[in-house]
Amino acid sequence: MYVVPPPRGPDLATAGAAGAEAPRVYEVWKGSNIFFLQGRFIFGPDGRSLFLTIFMIVAPVSIFCALVAKKLMDDFSTTLGLPVMVAAIVFTLYDLTLLLLASGRDPGIVPRNAHPPEPEIFEGNTEIGGVRTPQLRLPRTKDVNVNGITVKVKYCDTCMLYRPPRCSHCSICNNCVERFDHHCPWVGQCIGLRNYRFFYMFVFSTTLLCLYVFGFCWVYIVKIRNAEQISIWRAMTKTSASIVLIVYTFLSVWFVGGLSVFHLYLMSTNQTTYENFRYRYDRRANPYNRGAVKNFIEIFFTSIPPSKNKFRARVPQEQRFQPRSAGGGFMSPNMGKAVGDIEMGRKPVTWDELRAITQIGDLEEGLSNANIEDDKVGELGETSTDLSREAVSTRSMEVQAALHDRHSSWGRGGSWERTYELQPVEAATGETNRMASGNVNSNIATGS
């Protein structure tokens, strides 16, 4: 089961108590992102793959400029060779700029809530430690109207919010991202609302760069054939660099070119990659499709919304100190369901399996305690029967009271990082206490 890692950076409570300056948001960020230049650039946890992508672009262009464009300029004419080299360099710099804009900016991360929303469904009362507490459950989904079509939005246990339409939680970056398309390992970042435009422009420009290098390598081969009056095959053997670049760009253009065509189709129908693979809008109505022209205008000719996160700002006072409040028990909308989600990429584990695993260790301890009580009964005799029952009952009440204290602090304040892992443990502990009590009573009856 996923456990949210502790916040990075200085401890907030210690900093506040000592009167120190509050840390910045990026220093205590709970996602898996990597920040550079004091929060000015944000990358995914696999941001190092960006260096491989840059190498795969810069290396072939460098070979092209040194061994093809320069040869065109020296052996034939500067009117052809020099513009070809300059254009290749400028086009490469433009391509790398788009790559940085797609990978180094906030893709549309939805800020996490400090507390979950107010529960709406009451699941009856549960008696814990002699005190009745109402069980509150948030609905797993909510209905939202989008262009006259009802769309269901899910509750995110990690971010403690109902995701906006087209928002999904990325299991790699551990963030909810608006208009989530996919997580690109080549870019090292989620592709979402605020960087999809630059991602497509990067992929498309890379396709054009591959075609540019591919084409002028053939131009150089043809120039050699015409100058030396030899066959095309003999001319190819005189420039091994051109052959390597032709093969490399031919293979690359199938990947980036195919990706460009696929996303061209997605933009014309106003879909995301995630929606295309999961929802299949060819079988149901797409509430976001407003026609091809308006869909392209929405992607390329509308202003990009500002980021909802101020990574370089100081952590607000109310988020540094969150008081704990005792109250009714809170139940996640996923309680009783499989632990895991298709969007999170985890294997589902049912709560019954989790409870069974928890009971295995606790059952052995309960049986061992029961045997100890049985030995005491044999020594004290019949007169200690009520005392043994009272001891077991008292111990059970202490355990329940301790659990109730933990449960209350877990209600609406305190540490929400533990989410919904506590309740199966409480159920397993209560079941173990009942089994141990039954074994003690049985042994007492047998001894008398």
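Lys 152 is exposed, at a relative accessible area of 56%. Here exposed means over 50% relative accessible area, buried means under 20%, and partly exposed covers the range in between (1.4 Å probe, protein chains only). Accessible areas come from the Shrake-Rupley method with a 1.4 Å probe, and for residues only the protein chains shown count as cover. Asp 143 is exposed too, with a relative accessible area of 52%. Lys 152 and Asp 143 form a salt bridge, with their closest N and O atoms 3.0 Å apart. The rule asks for a side-chain nitrogen of Lys or Arg within 4 Å of a carboxyl oxygen of Asp or Glu. The two residues are also bridge partners, with Lys 152 sitting in β6.

## Basis of the model

This is a predicted model: local features need pLDDT of at least 70, side-chain atom pairs count only at pLDDT 80 or more, and totals for chains, interfaces and linings use all residues. Residues are numbered from 1 along each chain as its sequence is written, and side-chain values use heavy atoms, with hydrogens and water left out.

## Overall make-up

The protein has twelve helices and twelve strands. Both are DSSP runs numbered from the N terminus: helices are H or I over at least four residues, strands are E over at least two. Of the 448 residues, 42% are buried. The protein exposes about 23800 Å², and carbon and sulfur atoms supply 61% of that area.

Contacts are defined by heavy atoms within 4.5 Å. Among contacts with a separation of 6 or more, 65% join residues 24 or more positions apart.

## The β5-β6-β7 sheet

Three strands form an open sheet in the order β5-β6-β7, with antiparallel pairing. The edges belong to β5 (141-146) and β7 (161-162); each has a single partner strand, so one side of each lacks a neighbour in the sheet. Two strands count as paired if DSSP finds at least two bridges between them. In general, strands of a sheet pair through backbone hydrogen bonds, either parallel or antiparallel.

Six bridges join β5 to β6 (residues 149-156). Lys 142 has Val 153 of β6 as its bridge partner. The β5-β6 hairpin has two residues between its strands, and Asn 147 takes a positive phi near 50° there. β6 and β7 pair over two bridges, again antiparallel. Tyr 155 faces Tyr 162 of β7 across this pairing. The β6-β7 hairpin has four residues between its strands, and Met 160 in the turn has a positive phi of about 55°.

The salt-bridge count comes to five. One of them joins the side chains of Lys 308 and Glu 178, at 3.3 Å from N to O. Lys 308 lies in the loop between α8 (292-300) and α9 (317-320), and Glu 178 in the loop between β9 (175-177) and β10 (182-184), so the pair ties together parts 130 residues apart in sequence. Lys 308 is partly exposed, at 48% relative accessible area. Glu 178 is buried, at 17%.

Another joins Glu 228 and Lys 238, at 3.6 Å from N to O. Glu 228 lies in helix α4 (residues 196-228) and Lys 238 in the loop between α5 (232-237) and α6 (240-268), so this pair ties together parts ten residues apart in sequence. Glu 228 is partly exposed, with a relative accessible area of 42%. Lys 238 is partly exposed as well, with 46%.

## Helix α4

α4 has 33 residues, which should span 48 Å at 1.5 Å a residue; its end C-alpha atoms are 49 Å apart, which agrees. The expected span is 1.5 Å times one less than the number of residues. Gln 229 follows α4 and has a positive phi, near 50°.

## Cysteines

The structure holds zero disulfides. A disulfide requires a pair of cysteine sulfur atoms within 2.5 Å. The cysteine sulfur closest to that of Cys 173 belongs to Cys 190, 3.5 Å away, which is too far for a bond. Cys 173 is buried, at 1% relative accessibility. Cys 217 is also buried, with a relative accessible area of 0%.
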